[in-house]
Amino acid sequence: MTAVRSTGERFPIEATISQVQAGEAKLYSVILRDITERRQAEACLQADISALTQMHALSGKVLGAVGFQPLLQEVMDAAVAIMKADRGTLQLLEGDSLRIVAHHGHQPRFLEFFASAENRASVCGEAMLRGERVVVPDVEESPLFAETPSLPVLREAGVRAVQSTPLVSRAGKLLGILTTQWAVRYCPGEHDLWRIDLLARQAADLIEHAKAEEALRSSEAKMHGIVGSAMDAIISVDEQQRIVVFNRAAEQIFQCSASEALGSSLDRFLPPEYREAHGEHVRKFGASGITSRSMRAPGVLTAVRSNGERFPIEATISQVQAGEQKLYTVILRDITERKRAEEVLLRSEKLSSVGRMAATIAHEINNPLGAVTNLLFLTKTSNDLPESARQYLEVADAELRRIAHITQQSLGFYRESNAPALTSVNTLLESAADLLKSRIKTKRAMIEKQWDEDIGVTAVAGELRQVFSNLLANSLDAIDEEGIIKLRVSAHPAFKNGDRCVRVTIADNGKGIDASSRPHLFEPFFTTKGAIGTGLGLWVSKQLIDKHGGTIRMRSSTNGARRGTVFSVVLPVDPAAGVARPQSAGA
Ligand SMILES: Nc1ncnc2c1ncn2[C@@H]1O[C@H](COP(=O)(O)OP(=O)(O)OP(=O)(O)O)[C@@H](O)[C@H]1O
Ligand SMILES: [Mg+2]
């Protein structure tokens, strides 16, 4: 019920009415109570309850992890509701300045103007400066805004009254400012301020918590990125040897998906006979208190892929105490490829020592060979030899020539002319072709010579001629009748330290070299020619080119229009010699 005072003011009442018969007349008496204050208290309580409900909902939301930005908006909206305000801004401190991170009911112009509180007359800026709440019941009358550019902006935005409350963390750190604004002149009561204080305290806690969580999340994401993109397998196990981390490289190396590996025992990736020893090793390591070390075993460590294949690994192990649990992390690398490369190296070293030995033996054979050749010659010339014996001698002679070819290949043609001298590359090629004249003729091979300038190199002429004739001989073997062999000489400027070089290519349109042979070409005794080949030509050539500081390369194709093989030899031109006036190569 409402009553009216003599001033015209209405006020709430509570009333009881009674009647008595006084003679003729009836009298009514009203007993009434002015309940203005009780109503006010009730309204206040109501507001408190709704504010607390809102705050409670807010903390519930954050625990459910709504994300940082939505949380800020919730805080903003709650503040406006609690304060029965019209608008508001929430700013957070970034470095030294405040940045608006959420707002309620503002237009972009206002937000842009106050984007940074610096250099602008503002209540929030003032609150930050003072480190306490600032209330401005009417911006029109506040000295804070007198004749400032802020005032028209506030007017346009419909802001007349403002309060700004600092958000301070439990540790006393200023996190930001929570501002609410009213469209009319307004001075929030003590109780309103009590509520906004409560909200501010809660909001500060939530913001700090969310920030910490976000930092954690981003560092976790970073960690995840690093672990995920690592080239090495990273596997963490708990004390029971159950896998808790299994990164992408581990998936690839062990050929097992993380989802399958996680939770299972590490044992599945260890050879059965090592499992026990490994467990013991880890226990000892755990007890040692050492944080990390490389894992060592007699010989190479071995692991097992999910398909049962064993492979060699290299590994380090580290431990961390994560709460109650101890976690062990093994970082390991599949060294199958490296082991294979090491084996190849070892093999090629073995091969080259075999080759050296062959050369030594060839040298030793050379002298008795000369003697036997001479003896055979003498025997053949005797007159009283039966025909059958003469035939045997012919065969023996052919076999001897074969031995002689082997030893020559192994030793080099012109052992006597060992001193390097300036030599014309073109002349060397000509003389190599000359050596093979009869074979070229039998095959009716077309030899195309492509060279313009005459380039001289300082080299052992006999050795280079041997290289070129070996390459040419191989081409002759490879081509069909009337096949083409191109000999090309060109200046090749950029090689090694930019020294001047010459490139010699010998290209044929022969049958080509198949892929399975290519890796072995330069190995001694590698041949595809059966009894007629010794397999020394390319090996010897490589040794000689190496000795001259050059390189020898091969390109080949076994089918199509581009069938054939190109060997190219690049040799450094002695800088002192230059390109000038090479002498004739000599015989
Ligand atoms: N131009 C080529 N075309 C096709 N195959 C080639 C060519 N050059 C080399 N090869 C292959 O490389 C192998 C090795 O050559 P290499 O010259 O070392 O030995 P070879 O010719 O078999 O014997 P020899 O010691 O008598 O030279 C050959 O057997 C042949 O299979
Ligand atoms: Mg050969």
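This is a predicted model: local features need pLDDT of at least 70, side-chain atom pairs count only at pLDDT 80 or more; totals for chains, interfaces and linings use all residues.
1. Ligand 1 is surrounded by 24 residues. The closest of them are N474, A478, T527, G533 and G537.

2. The largest share comes from α14, with four residues.

3. By residue type, the shell around ligand 1 holds 14 polar residues, seven nonpolar and three charged.

4. Elsewhere in the description comes the sheet. Five strands make up this open sheet, in the order β5-β4-β8-β7-β6, and their pairing is antiparallel. The edges are taken by β5 (97–104) and β6 (134–136); each has a single partner strand, so one side of each is left without a neighbour in the sheet. On average, and ignoring direction, neighbouring strands are turned by 20 degrees against each other.

5. Within the sheet, β4 (residues 87–94) and β8 (residues 174–182) run antiparallel and are joined by six bridges. Here Q91 stands opposite I177 in β8.

6. Helix α2 (residues 68–82) packs on the sheet and touches β4, β5 and β8. The direction of α2 makes about 70 degrees with that of β5.

7. Helix α6 (residues 190–229) also packs on the sheet, where it touches β7 (161–168) and β8. Its direction makes about 45 degrees with that of β7.

Technical notes
Residues are numbered from 1 along each chain as its sequence is written. Chains are lettered from A and ligands numbered from 1 in the order in which they are written. A residue is near a molecule or strand if its C-beta atom, placed from the backbone, lies within 6 Å of it. Helices (H or I, at least four residues) and strands (E, at least two) are DSSP runs, numbered from the N terminus. Ala, Val, Leu, Ile, Met, Phe, Trp, Tyr, Cys and Pro count as nonpolar, Asp, Glu, Lys and Arg as charged, and the others, Gly among them, as polar. Two strands pair if DSSP finds at least two bridges between them. Axes are lines fitted to C-alpha atoms, for helices over the stretch in contact, and angles run from 0 to 180 degrees between N-to-C directions. Two residues are in contact if their C-beta atoms, placed from the backbone, lie within 7 Å.
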